Amino acid sequence: MKEWQSDGEKGFLLDTCLMMQDKMKAILDYFKIEYDHTEITSRELLDRSGRTL
């Protein structure tokens, strides 16, 4: 977190968190565990911002 605050490379931390969110949703889907599907996915969020993982 210290490097994130001083480095200015905030995109890496955001990308990592969003990627892990997608992986967690895939695990929940695999085990058929219900969760709120209305939440925006990280891919949609990045598409809207013009960024990629």
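Predicted model: local features only at pLDDT ≥ 70, side-chain atom pairs only at ≥ 80, totals over all residues.
Which residues form a nonpolar patch on the surface? Met24, Ile27, Tyr30, Phe31 and Ile33 do.

Residues are numbered from 1 along each chain as its sequence is written, and side-chain values use heavy atoms, with hydrogens and water left out.**View 1. The whole chain is built from helices.** There are three helices and zero strands (DSSP runs, H or I of at least four residues for helices, E of at least two for strands, numbered from the N terminus). Of the 53 residues, 15% are buried (under 20% relative accessible area; exposed is over 50%, partly exposed in between, 1.4 Å probe, protein chains only).

**View 1. A nonpolar patch sits on the surface.** Together its five members, Met24, Ile27, Tyr30, Phe31 and Ile33, have about 570 Å² of accessible area (Shrake-Rupley, 1.4 Å probe, only the protein chains shown counting as cover for residues). Patch residues have over 30% relative accessible area and no salt bridge, with like charges joined within 9 Å and nonpolar side chains (Val, Leu, Ile, Met, Phe, Trp, Tyr) within 5 Å; a salt bridge puts a Lys or Arg side-chain nitrogen within 4 Å of an Asp or Glu carboxyl oxygen.

**View 2. Tyr30 and Phe31 make an aromatic pair.** Ring centres of Phe, Tyr and Trp (its six-membered ring) must lie within 6.5 Å; planes under 30 degrees apart are stacked, over 60 edge-to-face, the rest tilted. The count is one pair, and this one is edge-to-face, at 4.9 Å centre to centre with 90 degrees between the planes. Tyr30 and Phe31 are both exposed.

**View 3. Ile33 lies in a loop.** That loop runs between helix H2 (10-30) and helix H3 (42-49). Ile33 counts as partly exposed because its relative accessibility is 44%.
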